[in-house]
Amino acid sequence: MTKKNAFSFVLSMLFCNFTRQIEKCMETKGLSYLGLLLFMLTFIACEKEKFDANAYNEIVDYQFLIDNVDRNHEWCLTHGDTITITNSGESIYAVQVLTKNPYTATDAEIAAEGVCFLNGNMDGGHSTTLAYTLPIVQDRAYIAALKQDGTYIGVTPFTFGTDTVNLDYVIMESGKSVHTPQPQTFTYLYEEGFPLPGDFDFNDLVLRVSKSFTELSYQVDLKVTVEAVGGNYSFAGAILLAGISYDDVDKVEILEGENMDKGYPLRHTMIDSDKTLLRSRSGEPVIRLFESGHYVLNNQLNEVGSVQTLFYNTETTPVEERSAIVPSVSRTYRISFKNRNIARSLSFDQIDPFITHEYNGGLWEIHTYKYKFQETLRSIYNGKSDFYDNHISWSIVVPKADFRYAVESMSLGTFNSHTGVTFGPYTSFAEWMTDHTQNNDWYEHITYPQLLY
Ligand SMILES: [Ca+2]
């Protein structure tokens, strides 16, 4: 029995839904003294026929691959703000917030964009307020001014936190040509099985989400790409737009015309609707992505008529009947809001892709850490989400479009406080875990590229 299986076993004890097999577990290789201690704790919990939150959290702590996780960790690699941009001239048609200077950098991204419009402000000029999100290590960004035909007039830098910039009073840097900025794109990593601890390789689902703007100021496009599915559990996927009312959305269209899981032939058990726009339990919009992550990447059923749950795009040398390399799958969801201010203020902070899966007779949701305890489609916790409040996340949001995730079963980075040894493709990930104020750019520093997909 592997360490992972041993702990799944212990967790099963914790949830008191199987016959006890103590002798078998005592013989388990790899179950350490602490594991046994935790096992006894859970055994006691089972004797009381109730869930022991302390024992559960000790097991999660033990199974997580890094000692001494910072108790104040919020798993956050970005910061966001709004900025108001004004000008009195007629030549500027649109403004953008860019992550870098497109005259010099080849990889600038558009973090926000708005058409200037008359707002009745004091000097009769134009004013627009945009929400943007940057990597937490980045304090400087750029405002770009554009003509109606989309060509760049110039850019000016600003410091994160600036309230207002009047383009009449700044020097705009310009040049002959720009490297065309791309829509800002984040990578979302998921560990399967919550509330069970897994191997925390964070590749059980890998999504890329980019946000862009259309000519019509009340629309936002979210391009979603399923890059990898490196897990065994079946799960469905959706996106919660947090802090927005369902009633503020007019419609959501898929530009490619069909769902990611087009033709899914089995019964929908996780998200029991075919509609693209759903309403959360608390009245927020939810975009349905797919019923089966595995089916998105391989729509051929196996001989017995079920979805093939191989590891997709997490093993560089595929093993037959275990893993495969397949093309990623993308769809663009065009969200039409009823109010353009909501469209322009939609930030990455409010975009919460989540997965839902069956466990212990219920349907659980795995959200980004900020929304860990959201009960978007169903009630799960019955008011007891505190039981699971252990500062461990089953999801990481990386503010990088081409972030390289770990290969199958490999942690992003580990740290053992007894030996002082760090290991993994991103050793500074482990250091970030032990102190959330340090190494907030760990994803930019690859230690062992051979451990990455
Ligand atoms: Ca995995």
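A residue is called buried if 20 or more other C-beta atoms lie within 10 Å of its own, exposed if 12 or fewer do, and partly exposed in between, with C-beta atoms placed from the backbone. This is a predicted model, in which local features need pLDDT of at least 70 and side-chain atom pairs count only at pLDDT 80 or more, while totals for chains, interfaces and linings use all residues. Residues are numbered from 1 along each chain as its sequence is written.

**View 1. Helix α7 and its buried residues.** Helices (H or I, at least four residues) and strands (E, at least two) are DSSP runs, numbered from the N terminus. Because six of its eight residues are buried, helix α7 (residues 427–434) is largely enclosed by the rest of the structure. The buried residues are Thr-427, Ser-428, Phe-429, Ala-430, Trp-432 and Met-433, and they pack against β21 (414–416) and β22 (421–423).

**View 2. An open sheet of three strands.** The strands lie in the order β4-β1-β7 with mixed pairing, where two strands pair if DSSP finds at least two bridges between them. β4 (126–135) and β7 (164–166) are the edge strands, each pairing on one side only. Strand β1 (residues 78–87) runs parallel to β7 and is joined to it by three bridges; Ile-85 has Val-165 of β7 as its bridge partner.

View 3. Where pLDDT is low, the predicted coordinates should not be read in detail.

How values were computed: Contact = placed C-beta atoms within 7 Å.
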